[in-house]
Amino acid sequence: QVQLVESGGGLVQAGGSLRLSCVASGRTFSSSVMGWFRQAPGKEREFVALISRSGSSTLYADSVKGRFTISRDNAQNTVYLQMNSLKPEDAAVYYCAAATRLVYSIKESSYDYWGQGTQVTVSS
C-alpha cells in the first residue's frame, strides 16, 4: 500500500518557480513509477510528467517540456516537480500518483495511488 502526500503548492507570479514534493509512505516507493498530473478549473486531469522506478527515465507533457523537471529520491521516498518559468495556464491542482504495476504510462488509469493534490496559482 502506498500513501502519497503532496506539498509545495502556493501562489507564484508568472515567470517564477515553485517546487512540489510528494512523500510516499512505506518502502514500496522504490518499486513504483511516479507521475505528476494536474487539473485546472473546467478541464480534465492531464498528464504532466513521470519518472521511472530508478529515476533514470523521465517523460514530460509537451506543454511543460523544458520548464518542468521531475526527480525522485528513493532513499527519502520523495518525488519532486521543479517548475520554472511558470505561466498562468500552469495554474491547477497538482496531483502525485504512483503506479505499482509494470507501466510507463501517461494515462491516469494506469496509476493506483493518488495524493490529495496541492494548489498552484500563477498570477499574471
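The legends below describe close-up views of a predicted model.

In this predicted model, local features need pLDDT of at least 70 and side-chain atom pairs count only at pLDDT 80 or more, while totals for chains, interfaces and linings use all residues. Residues are numbered from 1 along each chain as its sequence is written, and side-chain values use heavy atoms, with hydrogens and water left out.

**View 1. The disulfide of Cys 22 and Cys 96.**
The structure holds one disulfide, a term used here for a pair of cysteine sulfur atoms within 2.5 Å. This disulfide joins Cys 22 to Cys 96 with an S to S distance of 2.1 Å, and the link is left-handed, with -80° about the S-S bond. Cys 22 lies in strand β3 (residues 18-24) and Cys 96 in strand β9 (residues 92-99), so the pair ties together parts that are 74 residues apart in sequence. Strands (E, at least two residues) and helices (H or I, at least four) are DSSP runs, numbered from the N terminus. Both cysteines, Cys 22 and Cys 96, are buried, where buried means under 20% relative accessible area, exposed over 50%, and partly exposed in between (1.4 Å probe, protein chains only).

Asn 77 is buried, with a relative accessible area of 19%. When residues up to four places away in sequence are not counted, Asn 77 touches Cys 22, Val 23, Ala 24, Gly 26 and Phe 29, contact being defined as heavy atoms within 4.5 Å.

**View 2. The salt-bridge network of Arg 38, Glu 46, Arg 67 and Asp 90.**
Side chains of opposite charge can pair when their charged atoms come close. A salt bridge is counted when a side-chain nitrogen of Lys or Arg is within 4 Å of a carboxyl oxygen of Asp or Glu, and a search of the whole structure finds five of them. The side chains of Arg 38 and Asp 90 meet at 2.9 Å, N to O; this pair links distant parts of the chain, with Arg 38 in strand β4 (residues 33-39) and Asp 90 in the loop between β8 (78-83) and β9, 52 residues apart. Asp 90 also meets Arg 67 in a salt bridge, at 2.7 Å, N to O, and here the partners are 23 residues apart, Arg 67 being in the loop between β6 and β7 (68-73). Arg 38 and Asp 90 are buried, and Arg 67 is buried as well.

**View 3. The salt bridge of Asp 62 and Lys 65.**
The closest N and O atoms of Asp 62 and Lys 65 are 3.1 Å apart. Asp 62 is exposed, with a relative accessible area of 65%.

**View 4. The largest nonpolar core, with 36 residues.**
A nonpolar core is a set of buried Ala, Val, Leu, Ile, Met, Phe, Trp, Tyr and Cys residues joined through side-chain atoms within 4.5 Å. Met 34, Trp 36, Val 79, Leu 81, Met 83 and Tyr 94 touch the most other members. The elements giving two or more residues to this core are β3, β4, β5 (46-51), β7, β8, β9 and β11 (118-123), and the largest share, six residues, comes from β9.
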